Amino acid sequence: MQENNAAKPKKKLPERKCLGCGESKPKLMLVRIVRSPEGGVSLDLTGRKSGRGAYICKNAECLKKCRRAKRLERSLETEIPDDVYDALEKELSENE
């Protein structure tokens, strides 16, 4: 009989790239910003909303970099109004 004590391979954590700093980090350490099929843009703290997603670190500095370089607009393929950015900044500062 063969013993079943062999070490199980560790489950690989999915990684995503932050649009602000460009670093690859585990998906759970990042915040997802999603464009819904209806065209609305919102913060997805659960990571389960349907739509096209983009990831940033959980700090306002990365969001500022994205805003300055319009990286979110390019990634989500839509125009993002200033009030959405302001709401995202507010939510990120509350979650830090």
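Q: What kind of model is it, and what gets left out?
A: It's a predicted model: local features need pLDDT of at least 70 and side-chain atom pairs count only at pLDDT 80 or more, while totals for chains, interfaces and linings use all residues. Residues are numbered from 1 along each chain as its sequence is written, and side-chain values use heavy atoms, with hydrogens and water left out.

Q: How many salt bridges does the structure hold?
A: Six. A salt bridge here is a side-chain nitrogen of Lys or Arg within 4 Å of a carboxyl oxygen of Asp or Glu.

Q: What's the N to O distance for D44 and R32?
A: Their side chains meet at 2.8 Å. D44 sits in strand 4 (residues 41–44) and R32 in strand 3 (residues 30–35), 12 residues apart. Strands are DSSP runs of E, at least two residues, and helices are runs of H or I, at least four, numbered from the N terminus.

Q: Is D44 buried or exposed?
A: Buried, because its relative accessibility is 2%. R32 counts as buried too, at 9%. The cut-offs are under 20% relative accessible area for buried, over 50% for exposed and partly exposed in between (1.4 Å probe, protein chains only).

Q: New topic: which residues are linked in a network?
A: R67, D82, D86 and E89, through salt bridges. For E89 and R67, the closest N and O atoms are 3.1 Å apart. E89 lies in helix 3 and R67 in helix 1, so this pair ties together parts 22 residues apart in sequence.

Q: And how accessible is R67?
A: R67 is partly exposed, at 27% relative accessible area.
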